[in-house]
Amino acid sequence: MALLVTHGRLVTWEEPNRIVDDGALLIDSAAIAAVGTARELEARYPDAERLDARGQLIMPGNICAHTHFYGAYARGLAIPGPAPKDFPEILQRLWWPLDKALDERSVRYSALVCLVDAIKHGTTTLIDHHASPNFIDGSLDVIADAVEQAGLRAVLCYEVSDRDGDAKAQAGIQENVRFLKASAARPMVRGTFGLHASLTLSDATLEACADAATGLNTGFHIHVAEHEADEEDSLRKCGERVVHRLHRLGILGPRTIVAHAVHTDEAERALLKATGTWISHQPRSNMNNGVGAAPIDRMREEGQRLVLGNDGFSNNMWAEWKAAYLLHKVANRDPRRAPGDFIAQMAAQNNARLAEVFFAGETIGRLVPGAVADVILVDYHPFTPLSEGNLPWHILFGFEASMVTTTIAGGKVLMRDRRLLTLDEAQIAAEARAYAPTVWDNYRRYAERALLA
């Protein structure tokens, strides 16, 4: 039966954006069938089921361009030995021992707790980058099943790396290939081809990935120049910087996402622009890891395809908006950097265009007839005027995660009046918590070996 969402302030996120006062939209199956005022649509569709927004904002769901579900068990985890002094040590002593500690059960619960978080925060599309070198085969199916159980939309890949040996690198390649083919049968899930980073990949492995991807209509999802070590490794191994190396080996292109790009130079960014490659910015992670601030204002001037992710932080994407808005002002000591309309363009419109690369033929991130019905209600009642022009600053200075009351994805109501309908949050948290000691014990063994290396 069709669902008519009525009596809210409709934020369409079109270009240019429109706000419809006392607006309504009709959801029929998985798509938006009509948009207008509540009075118009109630008269046209008197038999539709009603969902009264009660003056809340009706908006497209948020989108995350780069995340890591598998990192969920890092929350509260103690790293043996002294605190890591830089990002390479964080990789060696936190993330690489943790990904080795994961098995099928922990991969599933890592995904589920992140999906609960996404629904509560109104994030309806997530592009995930997965690693579990002791559970590779079928790992993406486990995550995809969790995504479908939640009812969200996701793009998944497996992180190929040489750091655990050739056999596991080849297994990672095969998992990407297998899932890219299998995901075609999943309406809300798509695949891409995951790579860790240049510093853990040989030319031979990158060539094997490019060959394996031939004919699959895919690009790649890879970390690039998050820290100077990535560039230093590439110069040492190949005599060229990371982006030039990836271009030579056929990795860049309009279906490829490079995460971070903090330490790319002007020539590298020109190549990213020329190839139509997407650059994903993750300010909270960059601050946490002390890797620096990507030159996003310069990237904007260069015409880069710049999007916003969270790198495994909470799926409260408005927190990422706020971090991006503030980080570049303090890093550059210039309050003109990263203006609010730029942040909104990156996080709303650009993220939606990226999602449409994977969900071909779909209109995502806009409340218009024919678009996918990924919709959230936000209980925000401003005490100053709100308009199309100043909405980004209302989001940056007024929105809080607790204001999301209802989340709909693919036309299905996943949370209504803050009550989750597809996932049992308490049960998932209890089962994840019960398994945490096993994951942490496994992690500790690997982390102690890394400390001695």
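**Reading local features and contacts**

Modeller: Let us begin with Asp 311, which is buried because its relative accessible area is 14%, and the cut-off for buried is under 20%. Please keep in mind that this is a predicted model.

Colleague: Where is Asp 311 placed, and what is its phi?

Modeller: Asp 311 lies in the loop between E14 and H12. Its phi is near 60°, a positive value in a residue other than glycine.

Colleague: How is Arg 333 to be read, as buried or exposed?

Modeller: Arg 333 is exposed, because its relative accessible area is 79% and the exposed class begins over 50%. Its phi, near 50°, is likewise positive in a residue other than glycine. The residue belongs to the loop between H12 and helix H13 (340–358).

Colleague: Which class does Ala 270 fall into?

Modeller: With a relative accessible area of 45%, Ala 270 is partly exposed. It is placed in helix H9 (residues 266–275). Its C-alpha atom is separated by 26 Å from that of Ala 208, 62 residues away along the chain.

Colleague: Which residues does Asn 315 touch?

Modeller: A contact is read from heavy atoms within 4.5 Å. Leaving aside residues up to four places away in sequence, Asn 315 touches Thr 67, Cys 114, Asp 117, Ala 118, His 121, Thr 123, Leu 126 and Asn 310. Asn 315 is found in the loop between strand E14 (305–308) and H12, and it is buried, at 2% relative accessible area.

Colleague: How many aromatic pairs does the structure hold?

Modeller: There are six aromatic pairs. Each is read from the distance between ring centres and the angle between planes. For Trp 13 and Trp 321, the centres are 6.4 Å apart and the planes stand at 45°, so this pair is tilted. It links distant parts of the chain, 308 residues apart: Trp 13 is in the loop between strand E1 (3–11) and strand E2 (19–28), and Trp 321 is in helix H12 (residues 317–332). Both residues are buried.

Colleague: What are the centre distance and plane angle for Trp 318 and Phe 399?

Modeller: Those rings have centres 4.8 Å apart and planes at 80°, so the pair is edge-to-face. Trp 318 in helix H12 and Phe 399 in the loop between helix H14 (391–398) and strand E16 (404–409) are 81 residues apart. Trp 318 counts as buried at 2% relative accessibility, and Phe 399 counts as buried at 0%. Ring pairs link these two residues and Tyr 380 into a cluster.

Colleague: Over which rings do the charged ends of Arg 153 and Lys 329 sit?

Modeller: The charged end of Arg 153 sits over the ring of Phe 359, 5.0 Å from its centre. For Lys 329 the ring is that of Tyr 325, with the charged end 3.4 Å from the ring centre.

Colleague: At what angle do the axes of helices H4 and H5 cross?

Modeller: The axes of H4 (residues 139–150) and H5 (residues 166–182) cross at roughly 40° and come within 9 Å. The two helices are therefore oblique to each other. Their contact has three nonpolar, two polar and three charged residues. On the H4 side are Ser 139, Leu 140, Asp 141 and Ala 144, which meet Glu 175, Asn 176, Arg 178 and Phe 179 in H5.

Colleague: Which peptide bond is cis?

Modeller: The bond from Glu 15 to Pro 16 is cis, with omega near 0°. Pro 16 is in the loop between E1 and E2.

Note on methods: Residues are numbered from 1 along each chain as its sequence is written. This is a predicted model: local features need pLDDT of at least 70, side-chain atom pairs count only at pLDDT 80 or more; totals for chains, interfaces and linings use all residues. Side-chain values use heavy atoms; hydrogens and water are left out. Axes are lines fitted to C-alpha atoms, for helices over the stretch in contact, and angles run from 0 to 180 degrees between N-to-C directions. Helices (H or I, at least four residues) and strands (E, at least two) are DSSP runs, numbered from the N terminus. Angles under 35 degrees count as roughly parallel, over 145 as roughly antiparallel, 65 to 115 as roughly perpendicular and the rest as oblique. Ala, Val, Leu, Ile, Met, Phe, Trp, Tyr, Cys and Pro count as nonpolar, Asp, Glu, Lys and Arg as charged, and the others, Gly among them, as polar. Rings of Phe, Tyr and Trp (its six-membered ring) pair if their centres lie within 6.5 Å; planes under 30 degrees apart count as stacked, over 60 as edge-to-face and the rest as tilted. Buried means under 20% relative accessible area, exposed over 50%, partly exposed in between (1.4 Å probe, protein chains only). A charge sits over a ring if NZ of Lys or CZ of Arg is within 6 Å of the ring centre and within 35 degrees of the ring normal.
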